[in-house]
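I am opening my notebook on a new structure.

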Amino acid sequence: MRNATLKQLRAVAAIVETGSVTGAAKKLNVTPPAVTMQVQLLEHYLGLPLLDRAGDRFQPSAAGREILLATARIEQALADCGAALDAMKGLRSGRVSVGLVSTAKYFVPAALGAFTRAHPGIDVVISVGNREAIIAGLRADAIDVAIMGRPPLDIEVDKTLIGDHPHVLIAPADHPLLGRRIAPSAIANATFMSREPGSGTRGLMERFFQQWGLDPRIGMEIDSNETIKQAVMAGLGLAFISAHTIAAEVADGRLAVLDVEGLPEVRQWFVVKRSAKRLTPPAAALTEFLARRGPEFLPDTLHLPGVAEARAALEAERGKAAELQEAPPHKGD
């Protein structure tokens with residue numbers, strides 16, 4: 001790779017993107033023979049084919065896919081460098097790419113709107129996916145920062161706290177178990193509408209039921225919080241879901257929250273970045289903004305059963321932990 005040039009890497013990427021040498025030539029504003037020559041030179045240096053023909057289109061070979069990943073990282077690094085240089089010149093501009101787990105879309109757009117109003121020269125690009133997709137974006141440097149719950153364990157990341165994130169059990173507004181505290185065993189035989197495997201909500205639900213020795217019956221796996229809410233309203237079952245997704249439906253009486261022992265499960269929202277990735281000034285500014293003002297955009301959940309109590313208990317635990325950290329060591333320690 002020491003002999004590879006940016007022109008060669010971009011030629012491969014353009015052919016894969018457009019599917020043809022002619023399309024790549026138009027994209028790069030060069031002639032088709034020039035594109036072909038760049039690819040052939042790179043293949044000669046590497047001793048491996050980079051492209052395969054599938055019908056009338058080119059696709060990357062196994063080696064080509066590695067080249068594409070490297071090219072994407074290089075292009076992102078160049079963009080980051082350009083943004084940093086612009087900041088040094090005093091330009092109020094730039095771009096930040098944000099990945100959201102799907103549950104975060106209930107509050108993050110409002111926060112990003114406030115950020116862009118404060119920084120009108122910064123472009124914010126948003127991508128939404130489940131937990132696995134967003135972690136893949138972090139790993140590939142396809143996004144600058146992610147807004148998610150539990151940070152990944154298989155990537156070294158830095159995290160910045162935004163605020164608490166309670167999860168509750170929802171039911172139709174006329175469910176017979178409403179209005180009283182119930183044990184998890186009371187809903188052991190219920191049917192559940194569940195998020196798909198790979199989502200953070202699904203993982204948290206499974207850990208909650210495992211903790212109580214229950215094996216919930218999954219009636220439907222649905223990759224949309226909105227569809228899950230509609231299914232519960234229709235009486236198809238119960239659902240374990242983020243309290244931040246149901247504020248409107250509970251307020252107007254279309255859904256209700258069951259008061260279940262052990263719930264709500266209170267997790268946190270974080271802004272997450274790869275530790276090895278240097279944030280551009282726009283991305284750093286967004287991270288600081290979300291840490292400072294993010295909590296004000298979180299939906300109000302204190303009126304839901306058990307949320308105020310769970311939050312108070314969590315704050316007490318945090319206070320004790322802070323006291324232990326600040327306490328002077330005993331003599332002889």
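**Entry 1: what counts as buried.** I start with a cut-off: a residue is buried when its relative accessible area is under 20%. Over 50% is exposed, and the range in between is partly exposed. I also note that this is a predicted model. I try the cut-off on Asp 141. Its relative accessibility is 11%, so Asp 141 counts as buried.

**Entry 2: the partner of Asp 141.** Which side chain does Asp 141 meet in a salt bridge? I find Arg 274, at 2.8 Å from N to O. Next I check where the two sit. Asp 141 is in the loop between helix 6 and strand 5, and Arg 274 is in strand 11.

**Entry 3: other salt bridges.** I search the whole structure and get 17 salt bridges. Side chains of opposite charge can pair when their charged atoms come close. I pick out a few.

Asp 154 pairs with Arg 139, and their closest N and O atoms are 2.6 Å apart. Asp 154 belongs to the loop between strand 5 (145-148) and strand 6, while Arg 139 belongs to helix 6 (residues 131-139). The pair therefore ties together parts that are 15 residues apart in sequence. Is Asp 154 buried or exposed? Asp 154 has a relative accessible area of 58%, so I write down exposed. Arg 139 has 38%, so I write down partly exposed.

Arg 202 pairs with Glu 206, with the closest N and O atoms 2.8 Å apart. Both are in helix 7, four residues apart, so about one helical turn separates them. Arg 202 is buried at 9%, whereas Glu 206 is partly exposed at 33%.

I also record a network of salt bridges. It links Asp 80, Asp 144 and Lys 277.

**Entry 4: the largest pocket.** Now I look for empty space. Rolling a probe the size of a water molecule over the atoms shows where such space is left. How much space lies in the largest pocket? I read about 320 Å³. The pocket is lined by 21 residues, and those closest to its centre are Arg 131, Gly 149, Arg 150, Gly 200 and Thr 201. I sort the lining by class. Six residues are nonpolar, ten are polar and five are charged.

**Entry 5: a cavity.** How many cavities of 30 Å³ or more are there? I count one. The volume of the largest cavity is about 30 Å³. Its lining is made of Val 168, Val 257, Leu 258, Asp 259, Val 260, Leu 263, Pro 264 and Pro 305. By class, I get seven nonpolar residues, no polar ones and one charged.

**Entry 6: a nonpolar patch.** Last, I check the surface. Which residues form a nonpolar patch there? I find Leu 6, Ile 74 and Leu 78, and together they have about 220 Å² of accessible area. I look up one of them. Ile 74 is in helix 4 (residues 62-88). Its relative accessible area is 34%, so Ile 74 is partly exposed.

Notes. Residues are numbered from 1 along each chain as its sequence is written. This is a predicted model: local features need pLDDT of at least 70, side-chain atom pairs count only at pLDDT 80 or more; totals for chains, interfaces and linings use all residues. Side-chain values use heavy atoms; hydrogens and water are left out. On a 1 Å grid over the protein atoms alone, a cavity is a set of points where a 1.4 Å probe fits but cannot get out, and a pocket is an open set with protein on both sides within 12 Å along at least five of seven lines; lining residues have an atom within 4 Å of a point. Grid points are joined across faces, edges and corners, and a volume is the space filled by probe spheres set on the points. Ala, Val, Leu, Ile, Met, Phe, Trp, Tyr, Cys and Pro count as nonpolar, Asp, Glu, Lys and Arg as charged, and the others, Gly among them, as polar. Patches are made of residues with over 30% relative accessible area and no salt bridge: like charges are joined within 9 Å, nonpolar side chains (Val, Leu, Ile, Met, Phe, Trp, Tyr) within 5 Å. Accessible areas come from the Shrake-Rupley method with a 1.4 Å probe; for residues, only the protein chains shown count as cover. A salt bridge is a side-chain nitrogen of Lys or Arg within 4 Å of a carboxyl oxygen of Asp or Glu. Helices (H or I, at least four residues) and strands (E, at least two) are DSSP runs, numbered from the N terminus. Buried means under 20% relative accessible area, exposed over 50%, partly exposed in between (1.4 Å probe, protein chains only).
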